[in-house]
Structure formats: structure tokens, C-alpha cells
Amino acid sequence: MAIKRFKRLQQSLEELFPERHLYVRSGGEMRGYVFSPGKQLMCATAVAGAALWMGVCTAAMLVSFLSVSSTDQVVIKQKAYYERLNADRQARLNSAVAQLSASSGSLDELASSVEKRHAALALLVSDFRGVPGAAQALQTAKPRLPGASPVERIQATRMDQERLIDAAETFAKSRAERLRLAMRMAGLDAGDFISRDGGALGGPLIEAKDPRALAAVLDVDEDFAGRIQHAATDMSDMRQLSAASQRLPFYRPTNNPALSSSYGVRFDPFTHRPAFHSGLDFPGAFYTPIMATAPGVVSFTGVRSGYGNVVEIDHGNGFKTRYAHLQATSVRVGQRVAIGQRIAAMGSTGRSTGPHLHYEVWVNGRAQNPNRFLKAGEYVQQAS
């Protein structure tokens, strides 16, 4: 059957590329060239290969061109954004200078405007009190203009106010975004931890939904009031996310960063068969201190099948942590514990091959990968 197919193929090729003769007459002589089917097939193959190579090169060049064009578009968009930002700031500066020029004879009016802005900024900055890094980022600098006129000193103060509100907006927004990213690293939705009514955070700065209403409350211009409100909203989000991160199991249960077993499928040390491992194993010596990874209430202490001596902590909102194979426990059921508080000592009780801590994180009754929470916690600490 194969021989017949080969013969049919050979016959088809001979029909497609029959033997051809080429005669060339030059100088009274006649020369003949014979192109056999094989030679014709080789030439056709070479031409097809060259055409394919040219097509691939053309496609690669086109893809590269489109990629460069896409990158150029991103650069152009970023450039346009910063140009608009600079134009907006320049417009505010020109507006302030124009107001100063138009009112240069009324220092009382200018001083009153500066004082009202300072009062609004003081209300905003008070919400940043206690936030790590806020004092340095929002530090005020009294303008030093020896020999300057009162109008020039007021102008310098207004410009410092512009700088301060810009710093407040950037500081609050960047920290809120870092905390949102930490939540995503843990597989959580940051929106579940943010109350849109603002609560007590931000006070009237975020309770007034309309910038015009806030401008009337603060007795400042509407543009400045809107920027105050944006910074206060980002600050409110940051405070709520930061408070939520303090209640989540982001802390490490031991000081030893090493792991002997990860979350997921592994070979069971007893059966030597693939089995699902629902937590992380931290190796260590007997009686190594075990700490609570988040504040909460001890919901269980005792023996669980396969786990040996166990401590379980309820952190609220569906979050629970489990600490297993313990040698000793130092807490009781119903006791409230703080983040980083010692709750037990490492051991090798239950289904264990040696001293280590088996650590689990549960969310709404389902085991999660604790490593995501530990990485999120490291990121939160870097952001602090």
C-alpha cells in the first residue's frame, strides 16, 4: 500500500514537473539543457523556502513595528498626562499670582485667605497624625524671604500650601494603593474592607460629597476644597485598609523564615503517595516560641486527629488560623490574644516526623494558602 502511494506521488510530481529541455543558441552553436523533474522540484522547493523566509521576516518586522508603536503611544500618553498636570499647576500658580497682583493693596484680605487655607490644611493633616512617614512627607517649611514685601511673603506661603496639598494627595494615594496591592497578594478584595460612608475617618472632609458644599464649610475656593476632599478620601481608604491589615493574619508564626513543606499537593511522608497539604510547615527545635499571626480570640485548644496538640484563633470576619503539632500551649479558650503574642511551643505531636509547626489559614471555612498572607504582610511592613 505504501509503495503504491509513493508511486502515485511520484507520478503526480512527474506530471507537475515534466522533463523540460532548454536550447540556447550562441555564436552559431546550439546548446541544450535538460531539466529533470528532480531538479525542477529542488528549484521549486528553494523558491518556496525563500518566499516563506521573506514572509516570516516581514511578519517579524511588522510585529516589531506595532510593538514600538504601542510603546510610543504609552510614552505619548504619559507625556500628555504630565503636561496636563504641569499646566494645571501652572494655571493655579498664575491664578494665585493674578489674585495677589489684583489685591496687592488689601493685605488683610490676602492674609485672611491664607489663614483659611491653613485651617483647612490643619484639618486634613490632623487625620495623618500617627501614620508612619506622614510627618516627614507633610512637613511644613516656613518661607524665609529676608527683605521681602508682605505680598511676596504671602505669595510664598500660598505656594507652600500648594506644595503641601500636593504632598498630601500623593502620600495618601500611594499608601492606599500599596495596601490594595497587599490585599490582592493575599487573594482578598480591598473593597470589602472599605466603608464608603467614610465613618469617623475624614470627618466633614469626606462627608461633604459636593466640593462646593465643602468649600462653603471650609470657606476656601472650590478648587482647593476639591483637592482637600480627594486627599481626605484617599486618607480614609488608607486608614481603613491599614486597620484591616492589622486584623488579618499577616504576621509570621515563628521567627524562622525557612519552610519544610509548602501548601498544596506533596508526597505524604508516611504513605509516600501524593496528598494535599493544607498549610505550611516551619521546622525548628522543641519549644520554639509560636506567635499569633493576628489579634483574635482563642476558639480551640486541645487534640485534633492527625494534628496533635492544636491552638485555633478566630480573628473575626470569617478568618481563622490553626497551629498544630505543638509541644505545649500557653493560652486558653476564650482568651483574647494580640498580634505577635506567644501562644504555644513547637513540638512533634500527632502525625509528625519531627519537631515543626503546621500552620493553616482559613477563610469562611476553607483552607487558604498561608504563604500569600505572609508575603502580603511583608509588603505591608515595607510600606510602613
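**Figure 1. The largest nonpolar core, with 40 residues.** A nonpolar core here is a set of buried Ala, Val, Leu, Ile, Met, Phe, Trp, Tyr and Cys residues joined through side-chain atoms within 4.5 Å; buried means under 20% relative accessible area, exposed over 50%, and partly exposed in between (1.4 Å probe, protein chains only). Tyr 323 and Ile 343 have the most contacts inside this core. The elements giving two or more residues to it are α5 (150–185), α8 (222–247), β5 (280–283), β8, β9 (319–329), β11 (342–346), β12 (356–363) and α9 (370–383). Helices (H or I, at least four residues) and strands (E, at least two) are DSSP runs, numbered from the N terminus. This is a predicted model, in which local features need pLDDT of at least 70 and side-chain atom pairs count only at pLDDT 80 or more, while totals for chains, interfaces and linings use all residues. Residues are numbered from 1 along each chain as its sequence is written, and side-chain values use heavy atoms, with hydrogens and water left out.

**Figure 2. Ile 343 and what it touches.** Contact means heavy atoms within 4.5 Å. Setting aside neighbours within four places in sequence, Ile 343 meets Ile 290, Met 291, Ala 292, Val 311, Ile 313, Tyr 323, Thr 329, Ser 330, Val 331 and Val 337. Look for Tyr 323 in that list: along with Ile 343, Tyr 323 is one of the residues with the most contacts inside the core.

**Figure 3. Val 310, in strand β8.** The strand runs over residues 308–316, and Val 310 is buried, with a relative accessible area of 0%. Beyond the neighbours within four places in sequence, Val 310 is in contact with Phe 300, Thr 301, Gly 302, Arg 304, Arg 322, Tyr 323, Ala 324 and Leu 326. Thr 349 sits 39 residues from Val 310 in sequence, yet the C-alpha to C-alpha distance is 9.3 Å.

**Figure 4. The largest cavity, at about 30 Å³.** On a 1 Å grid over the protein atoms alone, a cavity is a set of points where a 1.4 Å probe fits but cannot get out, and lining residues have an atom within 4 Å of a point. Grid points are joined across faces, edges and corners, and the volume is the space filled by probe spheres set on the points. A search of the whole structure turns up one cavity of 30 Å³ or more. Phe 193, Ala 244, Arg 247, Leu 248, His 315, Gly 316, Asn 317 and Phe 319 line the largest cavity. Two or more of these lining residues come from each of α8 and β8. By type, the lining splits into four nonpolar, three polar and one charged; Ala, Val, Leu, Ile, Met, Phe, Trp, Tyr, Cys and Pro count as nonpolar, Asp, Glu, Lys and Arg as charged, and the others, Gly among them, as polar.

**Figure 5. Positive phi at His 325 and Asn 364.** Neither residue is a glycine: phi is near 65° for His 325 and near 55° for Asn 364. His 325 lies in strand β9 and counts as buried at 4% relative accessibility. Asn 364, by contrast, is in the loop between β12 and β13 (366–368) and is exposed, with a relative accessible area of 61%.

**Figure 6. Gln 335, in the loop between β9 and β10 (336–337).** Although in a loop, Gln 335 is buried, with a relative accessible area of 16%. Not counting residues up to four places away in sequence, Gln 335 touches Gly 296, Val 297, Val 298, Ser 330 and Gln 341. Ser 330 also turns up among the contacts of Ile 343.

**Figure 7. His 277, in strand β4.** This strand covers residues 274–277, and His 277 counts as buried at 5% relative accessibility. Tyr 263 is 14 residues away from His 277 in sequence and 5.5 Å away in space, C-alpha to C-alpha.

Definitions and conventions: On a 1 Å grid over the protein atoms alone, a cavity is a set of points where a 1.4 Å probe fits but cannot get out, and a pocket is an open set with protein on both sides within 12 Å along at least five of seven lines; lining residues have an atom within 4 Å of a point.
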